[in-house]
Amino acid sequence: MPKKQYGNAAVDVDAEGFLTDFGQWTREIAAAIAKEEGIAELTPAHWKVIEFMQKEFKENGQAPSVRKLNKSGVISTKELYDIFPGGPAKKAAKISGLKKPEGCV
Amino acid sequence: MEDKIKKVSIIISKGGLDGVYPGLILANGARMEGIEANLFFTFFGLDAIVTKRMNKIKIATVGNPGMHMVTWLGAIPGMSAMATSMMKKTMEKIDIPPIPEFIELVADAGCKLYACKATVDMFKLKKEDFCPQMDSIINVGKFYEIAAGGQIIFT
């Protein structure tokens with residue numbers, strides 16, 4: 001299994017760079033993945049999304065859809081696309097230390 | 001990964017749930033991957049963005065071999081409504097939104113929605129008949145202009 005170095009932490013990732021062990025996730029790693037994905041700084045709005053995604057993942061075993069994020073009142077679809085440009089669900093899951101979302105919507 | 005798709009323009013030409021959903025899912029999926037997306041609604045596909053019709057789109061139970069239903073059974077009054085209701089429930093379970101909400105979702109995701117000029121003329125529709133997410137009424141020439149440099153998908 002490939003490893004990836006973030007600062008002085010080495011984490012297990014899959015072929016696309018998604019963490020395979022959520023136990024290895026830290027806020028520092030999240031910030032480092034975000035930088036790789038073109039997000040210079042994680043704002044409180046980003047953190048709100050990240051925390052919701054992790055909570056949903058713990059409860060349901062999968063990352064929530066864009067629709068669910070919108071309906072839950074965490075963030076509007078427009079804003080989500082704004083703050084995670086170029087693929088919101090995938091990027092937010094990656095930064096949150098979750099596996100790649102499987103849903104179609 | 002060099003030849004990643006950067007832009008898609010999807011034509012929705014058929015009415016009914018089975019005519020409209022595939023194009024919406026393709027467009028939304030494109031936006032989720034960071035791909036620029038346009039939707040062009042033509043002929044009966046136009047129902048999906050007509051305010052009065054978008055919430056009443058059904059699945060055909062007659063003349064639809066995909067339903068695996070003999071014609072006489074599909075023709076029983078209320079059969080199409082029942083099949084539609086069942087399908088909608090299943091879709092809700094797998095987190096696929098009803099059509100009006102889906103239109104809002106793809107538009108919020110940055111997909112542009114266009115109505116076909118020829119169909120609008122044929123059905124004598126006006127700009128006010130469309131949902132607010134509809135960007136503009138365009139002809140085929142304009143569609144090709146908008147689609148330039150990307151992939152075109154016909155559904």
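Me: Where along chain A does Val105(A) sit?
Reply: Quick background: this is a predicted model, where local features need pLDDT of at least 70 and side-chain atom pairs count only at pLDDT 80 or more, while totals for chains, interfaces and linings use all residues. Residues are numbered from 1 along each chain as its sequence is written, with chains lettered from A and ligands numbered from 1 in the order in which they are written. Helices (H or I, at least four residues) and strands (E, at least two) are DSSP runs, numbered from the N terminus. On that numbering, Val105(A) falls in the segment after helix H5 (88-95) of chain A.

Me: Is Val105(A) buried or exposed?
Reply: A residue is buried if 20 or more other C-beta atoms lie within 10 Å of its own, exposed if 12 or fewer, and partly exposed in between, with C-beta atoms placed from the backbone. Val105(A) has 21 C-beta neighbours inside 10 Å, so it counts as buried.

Me: Which residues is Val105(A) in contact with, leaving aside neighbours within four places in sequence?
Reply: Two residues are in contact if their C-beta atoms, placed from the backbone, lie within 7 Å. From chain A, the list holds Ser65(A) and Arg67(A). From chain B, it holds Ile25(B), Asn28(B), Asp95(B) and Ile96(B).

Me: Which element gives the most to the side of chain B that touches chain A?
Reply: Across the two chains, 13 residues of chain B are in contact with 16 residues of chain A. The elements giving two or more residues to that side of chain B are H1 and helix H4 (99-108) of chain B. With four residues, the top contributor is H1(B).

Me: How many helices and strands does chain B have, and in what pattern?
Reply: Chain B has six helices and five strands. Read along the sequence, they follow β-α-β-α-α-α-β-α-β-α-β.

Me: How compact is chain B beside a globular protein of that length?
Reply: The radius of gyration is taken over C-alpha atoms, and the globule rule is 2.2 Å times the number of residues to the power 0.38. For 155 residues that rule gives 15 Å, and chain B comes out close to it, so it is as compact as a globular protein of that length, with a radius of 16 Å.

Me: Which strands pair with E2(B), and in what sense?
Reply: Two strands pair if DSSP finds at least two bridges between them. Strand E1 (residues 7-12) of chain B is joined to E2(B) by six bridges, and Ile11(B) has Phe40(B) as its bridge partner.

Me: How much of strand E2 of chain B is buried?
Reply: This strand covers residues 36-41 and is mostly covered. The count of buried residues is five of its six.

Me: Which residues does Leu39(B) touch, leaving aside neighbours within four places in sequence?
Reply: Leu39(B) is among the residues that touch the most other members of the largest nonpolar core, which has 55 residues. A nonpolar core is a set of buried Ala, Val, Leu, Ile, Met, Phe, Trp, Tyr and Cys residues joined through C-beta atoms within 7 Å. The contacts of Leu39(B) are Ile10(B), Ile12(B), Gly23(B), Ala27(B), Val106(B), Cys111(B), Leu113(B) and Tyr114(B).
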